[in-house]
Amino acid sequence: MCGCVNFNQDTIIPIRYDYIITNPVGLFAVVKDDKIGIIDTLGNIIVSCIYEYDEDNCWLWRGIDYVDDLLVTLKKDGKYGAVNLKGEVVIPFVYDELGIF
């Protein structure tokens with residue numbers, strides 16, 4: 001089980017996840033029971049763990065202009081789509097493969 005504490009030893013992410021993955025903008029991907037979600041550095045859930053954990057393609061960060069415009073590709077019901085860092089679906093989950101450039 002994994003969790004995360006800050007430099008003051010305050011718990012940021014409770015110890016309940018199978019994996020925690022960092023990224024360039026300081027957010028965390030958390031994996032529990034083969035489902036992945038996104039948590040910020042304050043421990044706030046941005047995207048619930050409802051998406052399929054796909055080690056090959058589900059955690060690809062793509063910067064567009066600003067942090068608010070970053071997208072992450074995820075997989076749901078066997079199809080790929082993308083959400084922004086507000087947790088909003090911006091590319092529907094209807095694709096067999098998805099690359100964001």
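This is a predicted model: local features need pLDDT of at least 70, side-chain atom pairs count only at pLDDT 80 or more; totals for chains, interfaces and linings use all residues.
## Aromatic pairs

A search of the whole structure finds 2 aromatic pairs. In one of them, the ring centres of Y19 and Y53 lie 5.8 Å apart with the planes at 25 degrees, and the pair is therefore stacked, since planes under 30 degrees apart count as such. The two residues come from distant parts of the chain, 34 residues apart, with Y19 in strand 3 (residues 19-22) and Y53 in the loop between strand 6 (45-52) and strand 7 (61-62). Y19 has a relative accessible area of 45% and is partly exposed, and Y53, at 23% relative accessibility, also counts as partly exposed.

The rings of Y51 and F93 likewise form a stacked pair, because their planes stand at 25 degrees, with the centres 5.1 Å apart. Y51 belongs to strand 6 and F93 to strand 10 (residues 89-95), so this pair ties together parts of the chain that are 42 residues apart in sequence. Y51 counts as buried at 4% relative accessibility, and F93 counts as buried at 16%, the cut-off for this class being under 20%.

Methods:
Residues are numbered from 1 along each chain as its sequence is written. Side-chain values use heavy atoms; hydrogens and water are left out. Rings of Phe, Tyr and Trp (its six-membered ring) pair if their centres lie within 6.5 Å; planes under 30 degrees apart count as stacked, over 60 as edge-to-face and the rest as tilted. Helices (H or I, at least four residues) and strands (E, at least two) are DSSP runs, numbered from the N terminus. Buried means under 20% relative accessible area, exposed over 50%, partly exposed in between (1.4 Å probe, protein chains only).
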